Amino acid sequence: MHAVGIVAAAGSGLRLGADLPKALVPLAGRPLVAWSVDALRAGGVAELVVTVPPGQRDAFAAVLPADVRLLDGGATRTASVRVGLDAASVTADVVLVHDAARPLTPPDVVRRVLAALAAGHPAAVPVLPVVDTTVVVDDAGVIRDAPPRAALRRVQTPQGFDRAILAAAYARLAPDADLTDDAAVVRAAGVPVVTVEGDERAAKVTVPHDLAVAERQVRR
Ligand SMILES: Nc1ccn([C@@H]2O[C@H](COP(=O)(O)OP(=O)(O)OP(=O)(O)O)[C@@H](O)[C@H]2O)c(=O)n1
Ligand SMILES: C[C@](O)(CO)[C@H](O)COP(=O)(O)O
């Protein structure tokens, strides 16, 4: 099975509030994107495309292996993944789409996603259970619903897909579509998405506290 990894690294990191693009923010002395690239490689994905903030290719090239392909990303995560997917080799059987912002994803998570694809599933995503009561609120912040928690999951990356199926699903999307993940893109095209076990260590670095947690994780 020929797998290509697409690392979405073109975000600015507004919620992190750093003075450089989030994917270049150091974690234990290495940029987040370098950790994320390593995570995919450790899990068995050798060929990688990374989408970066326009104008930042040199900065990313300086911190990534020379065989990683760098492309200018788009204004949204969806647009950035689309750029990476368009560039992914058509000889690839499967693609794994990963957030640069999930630097410490264990290789076993990558392997579980690849195994589900190898078993013939068109799409597979890692998930974790929800441990807090989860509610739906209205504009005034008043609780309107509390969905049964047992069926809820938190979705992580990398998310794996049959390449041709993901490409067809993206082709159906409006050019300015902005979905929160790629599972939503294929689901919009009617493709079933199976789940595999995620890992707390694959947490997304979103706010400053997440970076502090990741630093402690590396030290352990
Ligand atoms: N236009 C964008 C926006 C996001 N991403 C990537 O998508 C992943 C998840 O996005 P998020 O954590 O929200 O990153 P940012 O958009 O950078 O964060 P913020 O929303 O706080 O600005 C990140 O690895 C980010 O680099 C991307 O490739 N292109
Ligand atoms: C793709 C994702 O990481 C799955 O949980 C998530 O939806 C990204 O959201 P963000 O707001 O772009 O960080």
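**A conversation about the model**

Biologist: How do the residues of the shell around ligand 2 divide?

Modeller: That shell has one nonpolar, four polar and four charged residues. Here Ala, Val, Leu, Ile, Met, Phe, Trp, Tyr, Cys and Pro count as nonpolar, Asp, Glu, Lys and Arg as charged, and the others, Gly among them, as polar. Please note that this is a predicted model, in which local features need pLDDT of at least 70 and side-chain atom pairs count only at pLDDT 80 or more, while totals for chains, interfaces and linings use all residues. Residues are numbered from 1 along each chain as its sequence is written, while chains are lettered from A and ligands numbered from 1 in the order in which they are written.

Biologist: Which residues surround ligand 2?

Modeller: They are R77, D99, V155, Q156, T157, T180, D181, K204 and T206. A residue is listed if its C-beta atom, placed from the backbone, lies within 6 Å of the ligand.

Biologist: And how many surround ligand 1?

Modeller: Ligand 1 has 22 residues around it, and the closest are A8, G11, L14, R15 and S80. By type, this shell comprises eight nonpolar, nine polar and five charged residues.

Biologist: New topic: how many helices and strands are there?

Modeller: There are seven helices and twelve strands. These are DSSP runs numbered from the N terminus: helices are H or I with at least four residues, strands are E with at least two. The radius of gyration is 17 Å, close to the 17 Å of the globule rule for 220 residues, so the protein is as compact as a globular protein of that length. That radius is taken over C-alpha atoms, and the rule is 2.2 Å times the number of residues to the power 0.38.

Biologist: Is strand β1 buried or exposed?

Modeller: Six of the six residues of β1 (residues 3-8) are buried, so the strand is largely enclosed by the rest of the structure. Buried means that 20 or more other C-beta atoms lie within 10 Å of the residue's own; exposed means 12 or fewer, and partly exposed lies in between, with C-beta atoms placed from the backbone. One side of β1 carries A3, G5 and V7, and the other V4, I6 and A8.

Biologist: Which strands does β1 pair with?

Modeller: β1 pairs in the parallel sense with β6 (residues 94-99) over six bridges, and with β4 (residues 47-52), also parallel, over five bridges. Pairing requires that DSSP finds at least two bridges between two strands. V4 stands opposite V95 in β6, and I6 is opposite V49 in β4.

Biologist: Which residues touch the most other members of the largest nonpolar core?

Modeller: Of its 56 residues, these are I6, V33, V50 and V95. Helix α1 (residues 32-42) gives the most to this core, with seven residues. Such a core is a set of buried Ala, Val, Leu, Ile, Met, Phe, Trp, Tyr and Cys residues joined through C-beta atoms within 7 Å.

Biologist: Finally, where is the cis peptide bond?

Modeller: A cis bond joins T157 and P158, with omega about 15°. P158 is in the loop between β10 (153-155) and β11 (159-162). Elsewhere, A28 has a positive phi, near 50°, although it is not glycine. Most residues other than glycine have a negative phi, and most peptide bonds are trans. A28 lies in the loop between β2 (26-27) and β3 (30-31), and A28 is exposed, with 12 other C-beta atoms within 10 Å.
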